[in-house]
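Welcome! Here is a short tour for someone meeting this structure for the first time. Take a look at it below, and then read on.

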Amino acid sequence: MTDVELVLNGVPQRVSCEPGESLLTLLRRLGCFSVRYGSGTGETGAAAVLLDGRLVSADVLLAAQAGGHEVTTVESLDVATGELHPVQTAFVESGALQSGYSAGAMVLATLALLERDPDPSEWTIRDALSGILDRETGYVKVVDAVQRAAALLRGEKPEPMAPVLVGRLTEGAAEPVPDAPAAVPRLVPAADVPATSVVGRGVPKVDALKLVKGNPAFVDDVELRGMLHAKVLRSPHAHARIVAIDDTEARALPGVHAVLHTFNTPRVKYASGGQSWPNPRPWDQVSFDDKVRHVGDRVAAVAAESVAIAEEACRRIKVTYDVLPAVFDEVEAISSGAPVIHDESDTEGIHDAARNIPRRVNGQTVTDDEIEAVFARAEHVFERTFHVQQQQQTPIEPHIAIGWLDEDERLVLRSSTQVPFHARRMVAPLLGLPVKQIRVIKPRLGGGFGGKQEMLLEDVVGHLVLATRRPVRLELTREEEFVSSRIRHAQTITFRSAVDGEGRLLAQDHHVVGNTGPYATHGFTVQSVSGQRGLSQYNCPAKRYTADVAYTNRPVAGAFRGYGAPQALFALESHMDDIALSLGLDPVEMRRRNWVRTGDPLDILPALGERGAAEIQGEIPRVTSCATDECVAQALRAIGWERRGDPTWKQPPDRPSIRRGLGFALCMQATAIPNLDMGGASIKMNDDGSFNLLVGATDLGTGADTVLAQIAAEVLGVEADDIIVYAADTDMTPFDVGAYADSTTYISGMAVKKAADGVRERIVLRAARLLDVEDAGDIDLRDHRAWAPDGRSVSLEDVALHALHLEDQEQIMATASHVSGESPPPFAAQVAEIEVDVDTGQVTVTRLVMAVDCGVVINPTTASGQVEGAMVQALGYALTEDLVLDEAGRAVNAGFGPYWIFRADDTPPMEVYLVQTMEPSGPFGAKSVGEIAIDGVAPAVRNAILDATGVTVDELPLTPERVWRALHA
Amino acid sequence: MVTVTTYWRPTTMADALELVGRADTRVLAGGTRLNADASTDPVEVVDLQALDLGGIGPESEGVLRAGAMATLQDLADGEEVPAVVREAARRERPSTLRAQGTVGGCVADGSGESELLAALLVHEAQVHLDTDGGAETAPLETFLADLPLGAGRIVTAVSFRTSGTAAAARTARTPADRAIVAAVARAADGVRRIAVTGVASTPVLVQPGDQVQPVGDFRGSSEYRRALVDVLVARVQEEIS
């Protein structure tokens with residue numbers, strides 16, 4: 001042990017450390033929970049602290065190195081309970097916090113920067129933030145927050161974050177867009193949207209205080225007496241049978257409490273995707289299998305007194321493998337002669353195990369003969385094959401779960417999950433417990449993006465808790481997060497289209513081979529959504545979708561924002577540009593002749609839905625709200641689309657190797673799974689006229705809790721901060737499917753609205769009595785009061801006190817749930833401006849604009865933050881992110897450096913337009929916004945390269961070498 | 001985190017040299033690479049922070065000397081430091097790791113992707129070392145070719161020339177990503193020096209027309225890297241002409 005003397009947040013401390021202890025673990029041990037694990041390589045900045053005033057990464061500093069120095073964390077800020085430092089205020093007002101996992105680090109970075117430069121340039125800010133990776137915001141609002149903080153500290157009063165209103169171009173508006181900072185959303189209102197007071201405002205996030213102050217709020221921010229640390233022994237082989245395991249030496253290691261593997265745990269089949277019951281087949285997993293099917297697959301799990309002991313125990317487990325041949329490419333995997341990945345006898349529901357095809361997906365609007373007849377007589381037929389890669393979600397908080405037995409000896413699992421209710425139901429049979437013996441708690445999450453729509457750690461932790469009767473913690477390392485959690489499906493995609501001379505689509509045939517890795521968790525549903533998205537955007541009389549889901553020995557694919565849409569839309573929108581070019585048509589004009597509008601049928605959906613609307617209602621769903629024309633008009637104006645025809649812009653005379661281009665892509669997503677996604681909400685009124693809102697909905701950092709609070713507040717005539725949101729906890733809150741499929745605002749939001757309506761009903765009855773008004777229907781709720789038509793009013797506090805204490809006492813409360821038969825799509829137009837260096841193939845994206853129709857926007861700040869963040873993730877998909885394996889199936893770039901997600905100092909300027917429509921089925925007219933913005937950047941960049949250079953690249957990511965090869969082919 | 005069994009913080013160079021002469025000791029500078037190493041082999045670390053090896057200042061006419069413990073940020077901020085070196089220092093790591101990472105650590109690491117090392121190569125950098133046999137100086141290119149650094153040796157400073165005209169060119173997946181290949185050139189006193197990254201285990205000095213034999217990886221094949229060298233070397237040469 002080493003004694004370290006340091007000054008922590010102004011207080012001299014003398015602490016005893018292991019010589020190898022990191023400053024990160026020391027600080028957390030000392031209660032500074034704002035300093036968080038992101039990678040152990042210093043690359044995420046989640047663990048950034050000030051060391052003598054300089055921002056450094058505590059995960060790559062030894063605690064001993066900090067000896068003799070001053071260490072400062074965000075806990076040092078001397079602000080009263082409930083109050084914020086001006087820098088923290090700026091972060092809240094700008095909407096710069098999504099999950100807030102790295103909020104403490106960002107606040108410290110800002111303090112350090114403003115200390116040496118009170119009025120920094122945008123570039124200086126971006127450079128100062130370059131050490132803190134943000135997977136969530138797209139950095140636009142973070143930069144704004146630093147500028148706002150600088151202004152506040154200089155004593156200025158910065159403008160509040162309010163959207164800039166932009167006139168509707170399709171209704172003749174001609175005035176230019178007012179100048180405004182990039183972080184401010186451009187809002188294009190619709191005339192038919194009723195006035196609201198809380199809905200539609202960029203109110204601060206309801207969870208902002210705990211995030212920006214770095215308060216303990218995440219899974220790992222608890223201390224449990226006697227807690228053990230778990231580690232999972234991972235497979236070094238891509239495909240092997242486990243012949244024997246000798247765990248004697250591991251068990252003999254002092255401090256080891258349990259070693260679990262295939263030979264000492266029950267074999268219960270399941271599918272890990274967090275989906276509604278019954279989970280889609282096949283159920284091809286067991287907690288500890290006797291076969292490993294990718295490098296990083298589970299072999300065994302250990303619980304021990306420390307992480308180091310658990311790791312050492314893993315190294316001491318002797319495993320005898322029978323190594324088998326492996327296959328990584330999805331097309332090879334389903335070809336004859338490929339190794340069979342699921343040759344076990346107890347997995348039911350594999351479509352064709354011998355050919356590695358767990359599921360086949362097919363949906364078509366006409367018969368095979370009919371579609372082939374259209375192709376046979378069409379004027380033009382185009383066909384192109386595309387390939388897209390495995391992209392990892394990389395939430396800065398990796399998967400983590402902590403489990404323990406409570407005083408009733410029920411199993412409690414505190415987990416970073418998007419699906420607490422699914423996780424509880426799914427883990428129960430694996431542990432041999434009834435559902436009632438399990439409680440799953442979802443605290444704040446540090447991002448998920450679909451990767452946490454999975455029952456990934458809960459079974460391991462549950463098994464270890466039951467085996468040891470001690471609290472157990474399991475956190476994935478960053479490398480494990482890359483290779484042993486979940487990843488976006490790689491696909492080989494072929495589009496074949498029959499087109500008439502005017503560019504109208506006559507038939508579309510969309511074929512996919514989807515790489516699910518060795519387990520099919522989301523294989524069927526993701527590949528189904530690819531077909532839904534590939535064949536819904538354009539009207540076409542004959543459509544056919546076929547997909548083979550392929551088992552391979554790559555890391556396991558699962559849910560990732562967009563859920564099959566980014567793959568489909570990269571292919572579709574690239575294909576559409578190619579068709580337009582071949583026909584000599586403007587690519588937007590050609591699309592315009594085909595894109596769906598309000599009232600048009602979405603006729604492929606019944607054939608591909610998990611539980612399609614038509615299956616239940618017997619009819620084809622139609623577009624109920626759509627502002628594609630307006631989105632396109634706004635996006636084209638904002639990017640200066642006319643420059644496509646300007647040769648001196650496209651080929652700048654002073655930069656001979658540079659070609660510039662503009663690219664376009666149309667996007668569409670869904671809003672929840674119809675007739676399947678359900679959310680519940682419960683609201684009760686407190687003595688002071690405030691309300692508790694309990695929801696099972698799962699805010700990943702998106703601002704969902706805030707949006708739900710706004711919906712309740714709007715109905716109840718209060719402010720969002722009068723709604724105390726608690727979510728999600730399987731013991732305390734109503735059921736909700738969880739955060740996926742773009743369902744929270746639309747489904748959970750409507751449940752909240754219904755519950756609020758129920759509470760409102762009780763309030764107005766009592767208020768009518770107090771105000772002596774005959775018809776309670778005449779009572780209006782606003783400004784924390786209930787108003788009679790004649791202007792008299794009573795406060796909600798008085799209503800609450802009356803109800804709770806005075807007469808005919810009752811708890812004013814209501815519970816509601818919601819499911820929808822509709823899934824109204826949001827629409828969007830994405831444009832990209834790029835430069836290509838034709839001598840090197842380097843592509844630089846110089847500007848992105850997206851105009852999104854997401855219905856009525858409940859919170860413009862969080863909604864535009866969703867769009868900005870998704871665009872940056874999409875930029876990674878377009879240009880860098882690709883988990884690459886060597887020939888043995890080992891990842892060569894399972895770290896942030898080589899993998900590369902965009903940093904503050906390399907994201908291009910971005911603008912977001914929110915184009916309103918009034919969606920009749922949504923709460924206050926809302927549709928979804930969380931996923932659509934990840935769909936369009938890759939095809940828009942690809943099409944911009946085509947515009948700039950005339951070459952096509954049909955494989956993602958669009959690396960410099962791929963572009964160079966296309967240019968020099 | 002690296003597996004550390006003992007942490008040393010010597011206060012004299014003699015003590016430091018004695019420690020780093022032992023088996024299983026590693027020099028700890030900023031820690032951005034050593035501490036990020038997940039290797040389970042136990043090591044003793046010798047932290048140089050108490051040896052007063054920081055600072056950047058003139059060594060002689062036209063020559064700057066950066067102490068081994070000067071941070072990358074110090075170099076990026078150094079007003080006397082040539083612009084190409086400052087920019088390369090900024091590019092070397094993001095803000096946090098730049099405030100921690102050191103000049104000495106960068107040269108001792110010798111990464112083949114380091115644009116800072118390429119910039120230092122063309123500025124005729126010399127690496128100063130202390131050994132138990134006394135002080136030594138080696139041209140950076142020789143030092144890099146001899147890596148890894150032998151036991152019992154500590155980099156104390158890197159000096160480099162400030163004169164001349166320099167230029168840099170690079171190709172990368174994104175503006176802030178490490179270059180797949182970068183070229184840096186400098187002309188001074190009628191002599192041109194050109195260095196490239198991404199073609200060998202360390203950055204190397206090249207002559208125009210030299211054939212490099214890079215090992216390809218997922219960011220760029222050997223063939224592509226060779227083509228980039230041709231393009232980027234031509235660009236930086238033209239710029240300094």
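## A pair of partners

In β22(A), A:K543 is the bridge partner of A:Q508. Strands β21 (residues 505-517) and β22 (residues 542-551) of chain A pair in the parallel sense over 10 bridges. Here strands are DSSP runs of E with at least two residues, helices are runs of H or I with at least four, and both are numbered from the N terminus; two strands pair if DSSP finds at least two bridges between them.

This is a predicted model, in which local features need pLDDT of at least 70 and side-chain atom pairs count only at pLDDT 80 or more, while totals for chains, interfaces and linings use all residues. Residues are numbered from 1 along each chain as its sequence is written, and chains are lettered from A and ligands numbered from 1 in the order in which they are written.

## The sheet around them

Which order do the five strands of the open sheet follow? The order is β14-β22-β21-β20-β15 in chain A, with mixed pairing. At the edges are β14 (359-364) and β15 (380-388) of chain A, each pairing on one side only.

## Helices on the sheet

Helix α14 (residues 523-534) of chain A packs on the sheet and touches β14, β20 (490-499), β21 and β22 of chain A. Contact means C-beta atoms, placed from the backbone, within 7 Å. The direction of α14 makes about 160° with that of β21(A); axes are lines fitted to C-alpha atoms, for helices over the stretch in contact, and angles run from 0 to 180 degrees between N-to-C directions. Helix α15 (residues 565-583) of chain A lies across β15 and β20 of chain A, at about 145° to β15(A).

Conventions: Contact = placed C-beta atoms within 7 Å.
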